[in-house]
Amino acid sequence: MTLVAHGVSYRVGTAEILASADLAFAAGEMVAVVGPNGAGKTTLLHVLAGDLEPTTGSVTHDTDALQEMPALELALRRAVLDQGGPQDIPFPVAAVVALGRSPHRRAEANSARADRAATEAAMDAVGVGHLADRVFATLSAGERALASLARILAQESPVLLLDEPTAALDIAVEERIMAMLRERAAERIVITVLHDLNLAARYADRAILLADGVVAADGRPEEVFTPASLSEVYRHPIEVVPHPLRKGLLILVV
Amino acid sequence: MHDDRRGTRRRGVVVALLVVFFAASVANLCVGPVVIAPMEVMRTLAGALGLAMGEPDTLTRAVILDIRLPRVLVGAVAGAAAGVTGATLQGLFRNPVADPHLLGIGPGASLGGALGSLTGSVQGAIAGGAVGGMVAALIVRRLGRSRATEPSRFVLTGLALGAAISAWVGFVVFAADRTRVPPIDFWLLGNLGASTWATLGTLVATAGVGLLGLLGAARTLDLFALGEADARRLGVDVDMASLVILLGVGAVTGAAVGAVGVVVFIGLVVPHLVRRLAGAAHRVVLVGSAVGGAAMMLLADLGARTVISPQEIPVGLLTAAIGGPFFLWLIRRPEVPRL
């Protein structure tokens, strides 16, 4: 299974938000997209999701172009966790998560039992089972983020595109969620936009560093997260050292 | 276990609304210038259905079958239409004060209905209302595109649009032949007094399909609660769905307005009440709003026929007099999401 961006760029008026990116993704790697504010991370994610039509180029999933896919077909191939979206959803968490099953409802192989099982499994994976009966709108920001993530998982699509899934979470939950996503990446394509470089260094198999709409670096975290490239892209001195307590890197703001 | 409790509660709310609806229907059949005992009403209805239960006299038969029953049924359909269309627009725009009559769809239906009634037939009025409602719905769709999530501007725009269109209804009414076009108070405040079996037949034929269609849109409306972007990501063709739903709302509202005029506040009060009692899932909100809307319309009509009997007052006066303050109370109460 592959997701490929063929020379995609995205322009609004004369502003080039994304410039001819060529990227290929395959199942089995956890990808982190990093970069400063306004680098084009979220735009890249939305283009890869088929939510935004690129100004030039195309995105294909297993050789099928996303732009030509009806919404329902697209919904079976990829799930997207957005930063925006209404927070005042008046349904209980279990009902919100169950909405993630909608794309499957017309499939012959699907059943109410399968929907229920997938909904419960997603809530358990994220750890929101105890919130099942709480109305989404009454949850804390972190709980809402987790419930939304459970809805994305219930969709059971082969591609997961996540925009800062852990931004509202405490440290312990953040680690647990990233480990869970990494596990899922074994059989899926998981691409997450992250601001926390250390989180990216700990959990990603591959990091894509964006700067001003251009892919500045793309590779294993050890290759991408060098003091020189990070300092230049973030316009701030950054040091990278081996992590003293575990395998991998520790990124320090100087 | 929690699912079961929620299901029980939802069923309980719908059953309770059905009981109110049936009680209001029977009361409307019994009460009037000629008071008829409930047993007598039952016997007449049974006789009309071919079940012999003794012969009621011809006057009783005529009052119930020719006058009161069609009025009750037309009121029930128009009330259900008001409840369902209000709930639908609130879900579609994720805006608790969305309602066809506040957003200009009602006035558009009035204008279409007034023009249609120039034909001198109730069929013309209902068909004209449906067309007017759909045209107004398309205008609201343009406005809703950018402003639906900004409640104050959205509603103000709808009010301005509605007031302007209502003025045109006035021009049509005052310029037209009074024997053909119903008077202005019908178009602004509603009246069930002219309801006949012909009204019922045309109303059901015009609004029935739309009503069933809107009830079937419950899951799509649930998905709209996630926002248009996530609804699209879950496979909803958002543009097509909102177009079809709005046209349905326009046609259903318009047919009801053509039949009984503009009856306000049912679409605001009833869905809110159902949501408070049974939760926000649209499957329940829509069905509950249909039954509750019918019940509210019939209770209001009971008042309209009896408050200053033998004279009748426009039914919309009662729904506004009761529904307005009730709605204020509902929206001022702190939001305590249930279930």
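I take axes as lines fitted to C-alpha atoms, for helices over the stretch in contact, with angles from 0 to 180 degrees between N-to-C directions. Helices (H or I, at least four residues) and strands (E, at least two) are DSSP runs, numbered from the N terminus.

The model is predicted: local features need pLDDT of at least 70, side-chain atom pairs count only at pLDDT 80 or more, and totals for chains, interfaces and linings use all residues. Residues are numbered from 1 along each chain as its sequence is written, while chains are lettered from A and ligands numbered from 1 in written order.

**Chain B, helix pair**

I looked up helix 8 (residues 197-215) and helix 11 (residues 238-260) of chain B: their axes come within 9 Å and cross at roughly 160 degrees. The two helices of chain B are therefore roughly antiparallel (over 145 degrees). I then listed contacts (C-beta atoms, placed from the backbone, within 7 Å). Among them, B:Leu203, B:Ala207 and B:Gly210 of helix 8 face a set in helix 11 that includes B:Val252 and B:Ala256. The contact residues divide into 10 nonpolar, five polar and no charged (Gly counts as polar, Ala, Val and Leu as nonpolar, and Asp, Glu, Lys and Arg as charged).

**Chain A, sheet**

I traced an open sheet of six strands, order 6-7-8-3-9-10, with mixed pairing (strands pair if DSSP finds at least two bridges between them). Strand 6 (78-81) and strand 10 (214-219) of chain A each have a single partner, so one side of each lacks a neighbour in the sheet. The twist averages 15 degrees from one strand to the next.

Strand 3 (residues 30-34) and strand 9 (residues 206-211) of chain A run parallel, joined by four bridges. I found A:Val33 opposite A:Ile208.

Definitions and conventions: Parallel < 35°, antiparallel > 145°, perpendicular 65-115°, else oblique. Contact = placed C-beta atoms within 7 Å.
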